[in-house]
Amino acid sequence: MDEKGKKFIVGIYEDEDILLNAISSVKDKGINIYEVYSPFPVHGIENKLGYKRSRLSIAAFCFGFLGLCLALTMMIGMMTIDWPMIIGGKDFLPLPVFIPVTFEMTVLLSAFGMVGTFFVVSDLKPWGIPKTFDLRSTDDKHVMAIELGDNKIDSKKIKTILNTTGASEVNDKVMDL
Amino acid sequence: MKEIFDFNSNLKKNILYLFVGGVILSLIGLYQIINSGHSHEEVSQAVGTYNSGDGHSGYHWYHRLYSNLWINVVYFLGISISAIFFVAIQYVSQSGWSAGILRVPLAIGRWLLPGSILMLIVFAITNHDVFHWTHEYLYDKLDPRYDYVIDGKKAYLNLPFFLGRMVFFLGMWYLFYALILKHVAREDKLGGTESWQKLFTISTVFVVFYAFTQSVAAWDWVLSIDTHWFSTMFGWYVFASWWVSALALITYIIIILRDNGYLTFVNHSVLHDLGKYVFAFSVFWTYIWFSQFLLIYYANIPEETIYFVERLDSDIYFPFFIVNLILNFFFPFLFLMTRASKRFTRFLKIACPVVLFGHFIDFYLMITPGILKSNGGFGFLEIGLLLVFLSAFLFVILKGLTKLPLVAKNHPMLDESLHHDI
């Protein structure tokens, strides 16, 4: 392969327990892991990899708040300012009546916003094809990627370490990220 | 880790101070009320027409005492039975995460027996003054005070049936509680899964039984005070209020025990789950509250809106109406929204007492306007009696905590609780 890009070593793991132990022992050897890909959520993996907490919930809150404001603006604009009408003997600004719609809009925008943000952040945008180290990570294999330039240890040693931690396969991969 | 809760003399002394403080505040409150007595006996316009013809406008200072007694009786009894319900649903759902903390709600359930006895006593003292429908003349067609609407409810709202229901519910709830306690104690002694399976069966029956009886109890004990008015949401509304108070109390007691060296295995994930319970059911309470409010507000039928007119068009109750929503919805919703606030005790230690007090206000708003009309108020008497009941309640549940080990060492799912991780 003579693609341009960074050099990676990719370990393939069959089982999430082996993977979790492998992450600990690889990190103990002082190797920096670039990223781990798995076909399903593995419990406790984010602690092992030392992930920071996702900021997705902040995005959800912001989108929800946006929905709340939009809904209230829409209803007050239509029912109170633009064309005031007496409905059911209520005020022109019957806030309790607005609450169900406000609630729905808050939930709708926070859900859509959260899913959209998640897609963009996880490289699942509709344009372009997401880059994968090994396509089998979308099926039944766990994939651990280690960037060579990020580590001082040479590639042969990393490969033997990955093999001893239970990787079923260890490959070289050049990725243009 | 300490296995048995030590109810030492220091704690008892603090509870005694609380009790004495409550008694003093109540006496000051009573003194104030007796002296200011008949100055504002007039009944407001809305309430006056609503109550016309019953000839029951005479307000006495002891009505306020009675209404407060009834609020506290219902509030604390509800927390206690809801804590037992919490234990039951953990067994029904075969939950593992809560196995290590179940002794705390079990101890809160100890109030059920003294609370039930208190309820019967308070009802015997206060019946005519709290429950308008108990007056005989309302059902007498020849009496000028005859009430057509209440007479129509006679088949349900009559003293023998009411008292029968009350005794039956309290008795059955206590029976289930005693059964749960018995098998929990047996599990401690014998081990194995036999007791756990028995508890599953008992809890299943109890949950179904409680689902029906709790609603009826809410109609009887709270809704029937506003005799003319009714709401089909009311059973749920009272349930939500009791339930979230019980959850807040369970969480708070666990945190305090943890700070004092008990239940040290309770990790952040268990606290997180308890916090989620408080957060979620605060929102659930709001949902129920709002569903009741919105329908009545929108339909605008006079015999229904009177309930909210009494509360919204009143100088006394309107502030509490707002405070109720702030304490029970806006505050827990915004304060417990983030993950960190549910995982660290610092936040939960603020949120739980606020929610507990908020739901006391909620019961105050459910009960007081129906009894006292425009003669209500919130002062030393309310706070004092709350403290008196709180001290008795705390004494009973802390004493209850000493009766069993704090950890169910033979619970088959204890290990899951110790390693709960979310």
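Chain B has 16 helices and zero strands, where helices (H or I, at least four residues) and strands (E, at least two) are DSSP runs numbered from the N terminus. Keep in mind that this is a predicted model: local features need pLDDT of at least 70, side-chain atom pairs count only at pLDDT 80 or more, and totals for chains, interfaces and linings use all residues. As for labels, residues are numbered from 1 along each chain as its sequence is written, while chains are lettered from A and ligands numbered from 1 in the order in which they are written.

**Chain B: overall build**
- The C-alpha trace of chain B spans about 65 × 45 × 40 Å along its principal axes.
- Chain B has a radius of gyration of 22 Å, which agrees with the value near 22 Å for a compact globule of 422 residues; the radius is taken over C-alpha atoms, and the globule rule is 2.2 Å times the number of residues to the power 0.38.
- Looking at chain B contacts with a separation of 6 or more, 84% come from residues 24 or more positions apart; a contact here means C-beta atoms, placed from the backbone, within 7 Å.

**Chain A: domains and confidence**
- Chain A splits into domain 1 (6-53 + 134-175) and domain 2 (56-121), with bounds from an automatic or database domain assignment.
- The centres of those two domains of chain A, taken over C-alpha atoms, are 44 Å apart.
- The mean pLDDT of chain A is 89, and 98% of its residues score at least 70; pLDDT is the predictor's confidence in each residue, from 0 to 100.
- Among the elements of chain A, helix H3 (residues 56-82) has the highest mean pLDDT (94) and helix H2 (residues 45-48) the lowest (86).

**Chain A: strands around S3**
- Strand S3 (residues 142-147) of chain A has five of its six residues buried.
- Strand S1 (residues 6-13) of chain A runs antiparallel to S3(A), joined by six bridges; strands pair if DSSP finds at least two bridges between them.
- Opposite A:His142 in S3(A) you'll find A:Tyr13.
- Strand S2 (residues 35-37) of chain A is also antiparallel to S3(A), with three bridges, and A:Tyr37 stands opposite A:Val143.

**Where the chains meet**
- Six residues of chain A are in contact with seven residues of chain B.
- On the chain A side, that makes three nonpolar, three polar and no charged residues.
- Nonpolar covers Ala, Val, Leu, Ile, Met, Phe, Trp, Tyr, Cys and Pro; charged covers Asp, Glu, Lys and Arg; the others, Gly among them, count as polar.

How values were computed
A residue is buried if 20 or more other C-beta atoms lie within 10 Å of its own, exposed if 12 or fewer, and partly exposed in between; C-beta atoms are placed from the backbone. Two residues are in contact if their C-beta atoms, placed from the backbone, lie within 7 Å.
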